[in-house]
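Please read them with the coordinates open.

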Amino acid sequence: MKYSISIEETIVGNFEVEANSKEEALAIAKNKYDNCEFVNEPGDLVEKRIAVKTNDEDVEEWEEF
């Protein structure tokens, strides 16, 4: 029997920007992310989950590992 394995990882990267307000900092950070100036690689792994299902199942149950 074949199984479908899904792995989800959450990584975090920390970056600094100079801005006059939180809103401006957020706008700058989003722009830098969109322009690939802020990249979460390798980043810090903060969570990982795995799920397994057979090909005829619709619902996956995730578990941390």
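1. I begin with Phe 15, which at 40% relative accessibility counts as partly exposed, because that class lies between the under 20% of buried residues and the over 50% of exposed ones. Please keep in mind throughout that this is a predicted model.

2. Phe 38, by contrast, has a relative accessible area of 12% and is therefore buried, the limit for that class being under 20%.

3. A search of the whole structure for aromatic pairs returns one. The pair is made by Phe 15 and Phe 38, whose rings are stacked, with 4.3 Å from centre to centre and 15 degrees between the planes.

4. Helix 1, covering residues 22-34, contains 13 residues and spans 18 Å from its first C-alpha to its last, which is close to the 18 Å expected at 1.5 Å a residue.

5. On the surface, a nonpolar patch is formed by Met 1, Tyr 3, Ile 5, Ile 7, Val 52 and Phe 65, which together have about 700 Å² of accessible area. Strand 1 (residues 3-12) gives the most to this patch, with three residues, and Ile 5 is placed in strand 1.

How values were computed
Residues numbered from 1 in each chain as written. Predicted model: local features only at pLDDT ≥ 70, side-chain atom pairs only at ≥ 80, totals over all residues. Heavy atoms only, no water. Patch = residues over 30% accessible without salt bridge, like charges linked within 9 Å, V, L, I, M, F, W, Y side chains within 5 Å. Areas by Shrake-Rupley, 256 points an atom, 1.4 Å probe, with all protein chains shown as cover. Salt bridge = Lys/Arg side-chain N within 4 Å of Asp/Glu carboxyl O. Helix = DSSP H or I, 4+ residues; strand = E, 2+ residues; numbered from the N terminus. Expected span 1.5 Å × (residues − 1). Phe/Tyr/Trp six-rings, centres within 6.5 Å; stacked < 30°, edge-to-face > 60°. Buried < 20%, exposed > 50% of the residue type's maximum accessible area, 1.4 Å probe, protein only.
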